[in-house]
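Have the model open and follow along.

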Amino acid sequence: MKAPPRLQSLVDEGLIDTVVRQLMSGKEAMVYVVRCGDETRCAKVYKEADKRSFRQAVDYTENRRVRNSRETRAMAKGTRFGRQVTEAIWQSAEVDALYRLAAAGVRVPVPYNFLEGVLLMELVTDANGDAAPRLNDVAFTPEEAVRHHGSLLKEVVRMLCAGVVHGDLSEFNVLLSADGPVVIDLPQAVDAAGNNHARRMLLRDVENLRNFFGQFAPELLATRYGDEIWHLYERGLLRVETVLSGTHVRDTGPVDLGNVLREVDDAREEEAARRVRMQLPRL
């Protein structure tokens with residue numbers, strides 16, 4: 001197909017030879033299958049801020065750094081320049097997270113380049129060499145559900161040991177490759193130590209995985225992996241090789257009403273986001 005305008009700069013730079021087809025259209029980006037020499041890769045073209053539906057919530061952007069005080073002031077005032085800076089930081093967050101997690105051995109697409117709002121990365125494929133499906137497009141046996149759930153928990157732990165919380169992990173953001181699940185879509189990833197909402201996001205990520213795979217293996221619905229993982233992380237005891245039990249006894253103490261209300265709001269937003277995802281076209 002003819003290269004879309006946003007991909008033309010990569011063609012001009014010799015990073016892409018041809019654009020094969022559009023792979024998907026999401027809430028924040030368009031993804032294309034491209035050829036680079038002898039390799040088939042994918043190019044993620046981020047939509048402009050006013051043309052996408054994902055809200056850049058302050059919970060996600062907390063503690064993301066800017067280069068100088070001028071940019072900080074512009075972002076706070078919401079000027080045109082400030083919006084451009086915010087958008088650039090939002091896009092580069094996924095690139096930074098991908099490189100960081102790939103170096104830590106997390107199963108994510110291998111990033112190759114990032115140029116003018118386009119992320120060039122590995123095309124994750126199934127056993128037939130076709131683009132891998134998302135988890136929500138696949139039905140599993142109970143045994144497969146337990147196995148893939150366990151595999152993804154290891155990725156969550158590996159991410160957290162690398163200091164990263166995905167922040168939006170669900171069956172919509174995991175591809176099932178020929179050799180197991182691969183985590184994708186990381187522009188909302190947060191720093192585990194530097195973001196006050198990291199714990200809540202980690203618990204939600206793990207809960208999303210539990211609820212999805214629990215449809216196929218109901219015994220998973222009784223597990224408490226999220227609380228266990230964060231408890232170990234807080235105490236400096238979490239390791240990549242840590243064996244999890246799926247159980248955890250909550251600490252007793254005063255109820256934080258503000259936190260409860262935030263979790264209720266998060267649950268509502270997550271449900272709204274799921275409804276949007278279910279309406280996206282499948283290509």
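Asp185 sits in the loop between β8 (180–183) and β9 (190–191). Its phi is near 60 degrees, a positive value in a residue other than glycine. That's worth a second look, since most residues other than glycine have a negative phi. Keep in mind that this is a predicted model, so the angles here are computed from predicted coordinates.

Glu116 is another case: its phi is near 50 degrees, again positive and again not in a glycine. You'll find Glu116 in the loop between β4 (111–115) and β5. Is Glu116 buried or exposed? With a relative accessible area of 57%, Glu116 is exposed.

## The chain as a whole

Stepping back, the chain has 8 helices and 9 strands. It runs to 283 residues, and 47% of them count as buried.

## Leu98 in helix α4

Leu98 belongs to helix α4 (residues 80–103). Its relative accessibility is 1%, so Leu98 counts as buried.

Which residues does Leu98 touch, leaving aside those up to four places away in sequence? The list is Val108, Pro109, Pro111, Leu119, Met121 and Leu186. There's also a C-alpha separation to note in this part of the model: Leu98 and Val110 are 12 residues apart along the chain, and their C-alpha atoms are 7.3 Å apart.

## How α5 lies against α6

Two packed helices are described by the angle between their axes and the distance between the axes. For helix α5 (residues 142–161) and helix α6 (residues 198–214), the angle is about 170 degrees and the axes are 10 Å apart. α5 and α6 are therefore roughly antiparallel to each other.

On the α5 side, the contact is made by Ala145, His148, His149, Leu152, Leu153 and Val156. Facing them from α6 are Leu202, Val206, Leu209, Arg210 and Phe213. Sorted by class, the α5–α6 contact has 8 nonpolar, 2 polar and 1 charged residues. As for the spacing of such residues, an α-helix has 3.6 residues a turn, so residues three or four places apart point the same way.

## α6 meets α7

α6 also packs on helix α7 (residues 225–234), where the axes come within 8 Å and cross at roughly 145 degrees. The crossing of α6 past α7 is right-handed. From α6 come Ala198, Arg199, Leu202, Leu203 and Val206, and from α7 come Tyr225, Gly226, Asp227, Ile229 and Trp230. By class, the α6–α7 contact divides into 7 nonpolar, 1 polar and 2 charged residues. Leu202 and Val206 turn up in the contact with α5 and in the contact with α7.

Why is α7 described as largely enclosed by the rest of the structure? Because 7 of its 10 residues are buried. These are Tyr225, Gly226, Asp227, Glu228, Ile229, Trp230 and Leu232. The cover over the buried residues of α7 includes α5, β6 (164–165) and α6. After α7 comes Gly236, with a positive phi near 70 degrees.

## A cluster of phenylalanines

Now for the rings. The whole structure contains 7 aromatic pairs. One of them joins Phe140 and Phe213: the ring centres are 5.8 Å apart and the planes are at 50 degrees, so the pair is tilted.

Phe212 counts as buried because its relative accessibility is 7%, while Phe216, at 21%, counts as partly exposed; the cut-off for buried is under 20%. Ring pairs tie Phe140, Phe212, Phe213 and Phe216 together into a cluster. Phe213 is also among the α6 residues that meet α5.

Notes:
Residues are numbered from 1 along each chain as its sequence is written. This is a predicted model: local features need pLDDT of at least 70, side-chain atom pairs count only at pLDDT 80 or more; totals for chains, interfaces and linings use all residues. Side-chain values use heavy atoms; hydrogens and water are left out. Axes are lines fitted to C-alpha atoms, for helices over the stretch in contact, and angles run from 0 to 180 degrees between N-to-C directions. Helices (H or I, at least four residues) and strands (E, at least two) are DSSP runs, numbered from the N terminus. Angles under 35 degrees count as roughly parallel, over 145 as roughly antiparallel, 65 to 115 as roughly perpendicular and the rest as oblique. Contact means heavy atoms within 4.5 Å. Ala, Val, Leu, Ile, Met, Phe, Trp, Tyr, Cys and Pro count as nonpolar, Asp, Glu, Lys and Arg as charged, and the others, Gly among them, as polar. A crossing is left-handed if the near helix is turned anticlockwise from the far one by less than a right angle, and right-handed if clockwise. Rings of Phe, Tyr and Trp (its six-membered ring) pair if their centres lie within 6.5 Å; planes under 30 degrees apart count as stacked, over 60 as edge-to-face and the rest as tilted. Buried means under 20% relative accessible area, exposed over 50%, partly exposed in between (1.4 Å probe, protein chains only).
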